[in-house]
Amino acid sequence: MTATTIVLIRHGQTEWNRSERLHGRSDLPLNATGIAQAHSLAAELSCDGPWDAVYSSPLFRACQSAQILADALGIAKVQENPELMERDFGESEGRLVKGLDDEQRRLLMEVGETEDHLVQRGVNALFKIAVQHPQQRVLVVSHAAWIGSVLTALSGEAHAPLANAQMIELDPALLVNFVAREPLWH
């Protein structure tokens with residue numbers, strides 16, 4: 001596999017982010033701050049261009065962020081991928097996490113989709129993107145738990161959640177090494 005530059009981006013802020021509620025698959029739009037964050041990130045990324053593709057979770061907040069980026073970067077189409085969707089937190093979605101300690105947050109987040117399943121589909125998605133875009137530069141817009149879980153699994157080190165509209169470049173060697181030792185999930 002030829003190295004692909006993949007930059008992971010967390011979507012812009014929503015009202016639930018502002019009030020510190022657990023999103024999961026709840027499909028909410030960006031708020032005014034989130035829209036401004038996406039535009040600011042687009043301006044920053046345009047200085048680092050050109051970019052070849054933008055992928056997004058199909059959840060509205062991610063699609064909104066991705067479309068703002070694609071429009072600013074001259075990319076005709078955002079490619080939605082359900083494997084980039086946020087972790088399903090089941091009945092915990094919408095619950096306040098503000099003020100909870102780490103153990104309380106962990107217990108709340110264990111409801112719904114397992115982290116192993118999230119990582120398998122996340123790595124699978126990134127591997128497919130890398131194969132489809134050899135030697136290209138790709139933006140992937142997703143969610144805090146998705147990005148954090150995937151980065152932690154790939155690197156073997158805990159990753160703090162990204163802030164809204166924050167980005168991090170994926171080390172392609174981490175993806176290659178992970179796929180070499182773990183079977184891909186289909």
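No disulfide, that is, a pair of cysteine sulfur atoms within 2.5 Å, is found in a search of the whole structure. In general, a disulfide is a covalent bond between the sulfur atoms of two cysteines. Cys 47 is exposed, at 67% relative accessibility, whereas Cys 63 is buried, with a relative accessible area of 14%. Here buried means under 20% relative accessible area, exposed over 50%, and partly exposed in between, with a 1.4 Å probe and protein chains only.

The model is predicted, so that local features need pLDDT of at least 70 and side-chain atom pairs count only at pLDDT 80 or more, while totals for chains, interfaces and linings use all residues. Residues are numbered from 1 along each chain as its sequence is written, and side-chain values use heavy atoms, with hydrogens and water left out.

Helix 7 comprises residues 172–181; helices (H or I, at least four residues) and strands (E, at least two) are DSSP runs, numbered from the N terminus. Its buried residues are Leu 175, Phe 178 and Val 179. These residues lie on the same side of helix 7, because they cover an arc of only 95 degrees around the axis, the arc being that of the directions from the helix axis to the C-beta atoms. An α-helix has 3.6 residues a turn, so residues three or four places apart point the same way. The buried residues of helix 7 pack against helix 5 (115–132), helix 6 (144–155) and strand 5 (167–170). At the start of helix 7, the backbone nitrogen of Ala 173 has a side-chain oxygen of Asp 171 within 3.0 Å.

The loop between strand 3 (78–80) and helix 4 (102–109) contains Arg 87. Arg 87 is buried, at 7% relative accessibility, and its side chain reaches the backbone oxygen of Met 109 at 3.2 Å. Leaving aside neighbours within four places in sequence, Arg 87 is in contact (heavy atoms within 4.5 Å) with residues including Gly 24, Glu 93, Glu 113, Leu 118 and Ala 145.

Asn 81 also has its place in the loop between strand 3 and helix 4. Asn 81 is buried, with a relative accessible area of 12%. Residues up to four places away in sequence not counted, Asn 81 touches Ser 56, Ser 57, Pro 58 and Ala 125.

A further arrangement involves a ring: the charged end of Arg 137 sits over the ring of Trp 51, 3.9 Å from its centre. For such a placement, NZ of Lys or CZ of Arg must be within 6 Å of the ring centre and within 35 degrees of the ring normal.

Methods: Polar contact = N/O pair within 3.5 Å; in protein donor to acceptor, adjacent residues only side chain to side chain.
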